[in-house]
Amino acid sequence: MKIFTSAQIRELDKYTIEHEPIKSIDLMERAAKALTQAITEVWDNSTPVIIFAGPGNNGGDALAVGRMLIDKGYDVRTYLFNISGHLSDECNINKNLLIERRPKSFIEVIQEFEPPQLDSNMLIIDGLFGSGLNKPLAGGFASLVKYINASKAKIVSIDVPSGLMTEDNTYNVRANIIRANLTLTLQHKKLSFLFPENQQYIGQLKVLDIRLSQEGIQKIDSNYTVIEENDIRKRLLPRDPFAHKGKMGNALIIAGSYGMGGASVLATKACMRVGAGKVTTHTPKRNSMLLQISVPEAIIDFDREETTFSEAVDTEDFNAVGIGPGLGKSEQTGIAVIAQLRRTQCPVVIDADAINVLANHRAWLQQLPKGVIMTPHPKEFDRLEGHCSDSFERLMKARELAERLQAYILLKGHHTSLCLPDGHIMFNSTGNAGMATAGSGDVLTGIITGLLARGYKREDACIVGMYLHGLSGDIAARELGEESVIASDLIQYLPYAFKRLKD
């Protein structure tokens with residue numbers, strides 16, 4: 001599913017109007033019907049409704065919803081803010097239609113505004129500003145937003161919570177954004193909805209299909225995509241019935257300083273669970289017993305040092321390498337990491353402490369091979385590229401880094417994002433809060449490394465890998481509850497994730 005910018009949303013609306021064809025006011029009516037249906041499914045007509053509408057098309061949507069709710073027997077009071085004395089054509093039409101229905105409960109605010117009493121039994125419909133907003137709210141609108149947020153009433157926002165911009169909120173005034181309980185967004189999610197710091201404004205999110213032109217959706221190019229299940233099914237490689245382990249890929253995992261041996265166990269097990277034919281784990285000697293018992297299927301290659309990774313490994317016989325989980329950040333390990341990356345010719349996944357090593361020696365980034373895959377969590381990325389004030393800034397920096405290094409940068413989070421070398425960004429749609437547990441990232445490293453060894457192209461290994469990782473977490477959470485999920489559960493439920501995709 002594509003994610004469009006605010007400019008592209010307007011372009012898609014225009015395309016739909018011209019090619020369906022349909023009048024703009026009729027398209028607004030279609031949207032209002034979908035919004036009204038979603039609202040009436042949650043609140044019955046015993047709920048008093050207060051509508052705050054702005055002068056643009058978001059306000060027009062709100063006015064149309066108000067009229068439809070009145071027709072269904074709801075007690076509706078509407079406040080239309082026309083401070084500039086100019087309404088959009090569609091907003092003006094819906095204003096007049098609403099006045100015809102219930103003139104006494106309609107107030108047009110031109111100068112003075114006397115705010116209504118907002119009680120906990122009320123429903124507020126926020127239709128002040130939608131996806132076209134391009135600057136922070138200020139003045140009277142900022143005061144109104146604060147007044148609404150201070151109430152105990154439930155809030156439903158139309159399309160976008162007023163004050164929230166659809167992409168970049170780095171310099172927004174966050175006190176001046178509506179905190180909705182439910183956001184009813186039209187046709188597609190907005191980019192800003194995917195960032196964790198904006199969840200507090202969105203509440204529950206529901207995407208409403210208002211039947212915008214599918215041809216237009218296909219024709220308009222987008223730099224942002226949300227990965228869905230059918231996208232993954234098309235990328236899965238078949239398994240040859242006559243295959244043997246030598247044909248199913250040979251992976252190398254370099255992980256685990258002494259005391260962090262569990263990271264090497266998790267990465268190794270995950271690598272095997274996605275179908276790699278053979279997995280070799282290079283680790284310090286003191287992790288010997290742990291690995292031999294925990295993963296008897298793996299081949300163990302010991303470092304010459306007792307407790308740290310200290311020397312690069314020959315990778316000529318391997319199809320993919322994963323490096324970083326639990327390695328530690330000693331200077332000796334750092335030198336071994338860059339030596340390993342220089343000599344590795346096959347696809348490589350860089351995670352955890354291998355990323356931290358690069359953050360401490362940023363000049364080494366220029367020595368990375370093209371097509372390298374990096375899987376940082378937000379703090380690791382900030383160490384690498386400098387502090388980021390919010391997720392949008394971090395994402396833009398990650399995209400720039402992916403383009404500059406011709407790398408695949410996979411930013412881990414609730415909506416894990418994959419920045420491709422061509423500048424495109426793909427968001428994962430699986431995963432849950434139960435996966436916020438130590439070792440989850442080690443599992444992801446093992447999954448992607450195993451898929452690479454199997455023969456998946458880098459892009460496909462990243463996309464399939466992050467989806468499988470999240471899907472196994474979702475299945476684990478359903479079975480165990482989010483609170484009880486641990487990283488090894490993700491490996492345990494990987495087979496069920498594969499089965500779901502193949503069934």
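Mentor: Start with helix 9 (residues 261–273) and helix 15 (residues 440–454). On the helix 9 side, A263, L266, A267, A270 and C271 take part, and they meet D442, V443, G446, I447, T449 and G450 of helix 15. Contact here means heavy atoms within 4.5 Å. These residues divide into seven nonpolar, three polar and one charged. For this count, Ala, Val, Leu, Ile, Met, Phe, Trp, Tyr, Cys and Pro are nonpolar, Asp, Glu, Lys and Arg are charged, and the others, Gly among them, are polar.

Before going on, note that the model is predicted: local features need pLDDT of at least 70 and side-chain atom pairs count only at pLDDT 80 or more, whereas totals for chains, interfaces and linings use all residues. Residues are numbered from 1 along each chain as its sequence is written, and side-chain values use heavy atoms, with hydrogens and water left out. Helices (H or I, at least four residues) and strands (E, at least two) are DSSP runs, numbered from the N terminus.

Two packed helices are described by the angle between their axes and the distance between the axes. The axes of helix 9 and helix 15 come within 7 Å and cross at roughly 35 degrees. An axis is a line fitted to C-alpha atoms, for helices over the stretch in contact, and angles run from 0 to 180 degrees between N-to-C directions. Helix 9 passes helix 15 in a right-handed crossing. A crossing is right-handed if the near helix is turned clockwise from the far one by less than a right angle, and left-handed if anticlockwise.

Helix 15 also meets helix 16 (residues 458–480), where the axes come within 9 Å and cross at roughly 140 degrees. The two helices are therefore oblique to each other. Angles under 35 degrees count as roughly parallel, over 145 as roughly antiparallel, 65 to 115 as roughly perpendicular and the rest as oblique. Helix 15 passes helix 16 in a right-handed crossing. From helix 15 the contact takes S440, V443, L444, I447, I448, L451 and L452, and from helix 16 it takes R458, A461, C462, V464, G465, M466 and H469. By class, this contact has 10 nonpolar, three polar and one charged residues.

Elsewhere, helix 2 (residues 24–40) and helix 4 (residues 89–101) have axes that come within 10 Å and cross at roughly 65 degrees. Helix 2 passes helix 4 in a right-handed crossing. S24, I25, M28 and E29 of helix 2 touch E90, I93 and N94 of helix 4. That contact divides into three nonpolar, two polar and two charged residues. In the loop between helix 1 (6–19) and helix 2 lies P21, and the peptide bond from E20 to P21 is cis, with omega near -20 degrees.

Two strands pair if DSSP finds at least two bridges between them. Strand 14 (residues 348–350) and strand 15 (residues 373–374) run parallel and are joined by two bridges. I350 has M374 in strand 15 as its bridge partner.

Another open sheet has seven strands in the order 4-3-2-5-6-7-8, and the pairing is parallel. Strand 4 (106–109) and strand 8 (204–208) are at the edges, each with a single partner strand, so one side of each is left without a neighbour in the sheet. Neighbouring strands of this sheet are turned by 15 degrees against each other on average, direction ignored. Four bridges join strand 3 to strand 4, and the partner of L80 in strand 4 is E108.
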